Amino acid sequence: MPRYEIRLGGLGGQGIVLAGVVLGTAAAIFDGKEATQTQSYGPEARGGACKSEIVVSDSEIDYPKVEQPDLVGMMSQEAFDKYAGDVKPGGTVIYDPDMVQVAKPIKNVKIYAVPTVRMAEKIGKRIVANMVMIGSVTAASKILDPKSVEKAIVRFVPRGTDKLNLAAFKAGYDYTQNLAETTNA
C-alpha cells in the first residue's frame, strides 16, 4: 500500500485527537503497517478548531506530516474551512451535514455526508460522534481492517464504555459502506 494520508478536523472537545490516536494505533499495532499521527489545535482547549493527521503506509514513512490528504473527515465548520481545502484529487471528503455547510462544490472527490452527532445521539451519547467518524473513515478509506480499529478503540476508551463506542464505530462504518455502495451502484 502506498502512503495514505488522513486529516480529521473538528472542535476541541469532540475527540478528534483520540480519533487520530485510535486510527494510528489500529494501523501500526494491530494491522502491522507503518503509521504516524500528529495533532494541532488552537489556544483554546475546547471550542477552537483542531486537527489530527494520520499517515499510513506499508513502507517506511520518511515525513510524518500530511501534505495533501487522501481523505478528510470534518466535524465542524471552522475545521472544514481551515483544513478540508487541499484534499487530493480523487480523494474523499466526509463531513457532518448538521455541523458543516459546504458553500461551494468540491470537484474531483468523493463526498459523504455522515450525520455523526445525530447518529451518536441516537446510539445514546453525543460524545461518541468521533467513533462514528472513525467508522466512516475506516469504511471509506478501506486501508484498515475494521477488527484492528475495534481493538484500538477498546484500548483507548474508558473502561465500561466499550459497547457504546463500538456501537458508534459500527454505525458509522455501516452507514458509509451503504453510501459508498449506493453512490457506486
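## A buried serine in a loop

In this predicted model, serine 76 sits in the loop that runs between strand S4 (71-74) and helix H2 (77-83). Its relative accessibility is 3%, and because this falls under the 20% limit, serine 76 counts as buried. The side chain of serine 76 reaches the backbone nitrogen of alanine 79, at 3.2 Å.

Leaving aside residues up to four places away in sequence, serine 76 touches Gly9, Gly10, Leu11 and Gln14, and also Met99 and Val100.

## Parallel strands around S5

Strand S5 covers residues 92-95, with Thr92 and Ile94 pointing one way and Val93 and Tyr95 pointing the other way, and all of these residues are buried. S4 and S5 run parallel and are joined by four bridges, and leucine 71 has threonine 92 as its bridge partner in S5.

## The nonpolar cores

The largest nonpolar core has 39 residues, and those with the most contacts inside it are Ile6, Leu8, Ile94, Ile134, Val137 and Val149. Two or more residues of this core come from each of the following elements: strand S1 (4-11), helix H1 (16-30), S3, helix H3 (116-123), H4, H5 and helix H6 (162-184). Of the contributing elements, H4 gives the most, with eight residues.

What does valine 137 touch, not counting residues up to four places away in sequence? The contacts of valine 137 are Ile6, Leu8, Leu23, Leu71 and Ile94. Another core, of twelve residues, lies apart from the largest one, and its members include Val72, Tyr83, Val87 and Tyr95.

## Loop residues with positive phi

Most residues other than glycine have a negative phi. Asparagine 108 is not a glycine, yet it has a positive phi of about 65 degrees. Asparagine 108 is placed in the loop between S5 and S6, and because its relative accessibility of 61% is over the 50% limit, it counts as exposed.

Lysine 142 likewise is a residue other than glycine with a positive phi, in this case near 60 degrees. The loop that holds lysine 142 runs between helix H4 (129-141) and helix H5 (146-156). With a relative accessibility of 66%, which is over 50%, lysine 142 therefore counts as exposed.

Is serine 59 buried, partly exposed or exposed? The relative accessible area of serine 59 is 45%, so this residue is partly exposed, a class that lies between the 20% and 50% limits. Serine 59 belongs to the loop between strand S3 (49-57) and S4. The C-alpha atom of serine 59 is separated by 7.9 Å from that of methionine 1, although the two residues are 58 residues apart along the chain.

Conventions. Residues numbered from 1 in each chain as written. Predicted model: local features only at pLDDT ≥ 70, side-chain atom pairs only at ≥ 80, totals over all residues. Heavy atoms only, no water. Buried < 20%, exposed > 50% of the residue type's maximum accessible area, 1.4 Å probe, protein only. Polar contact = N/O pair within 3.5 Å; in protein donor to acceptor, adjacent residues only side chain to side chain. Contact = heavy atoms within 4.5 Å. Pairing = 2+ DSSP bridges. Core = buried A, V, L, I, M, F, W, Y, C linked by side-chain atoms within 4.5 Å.
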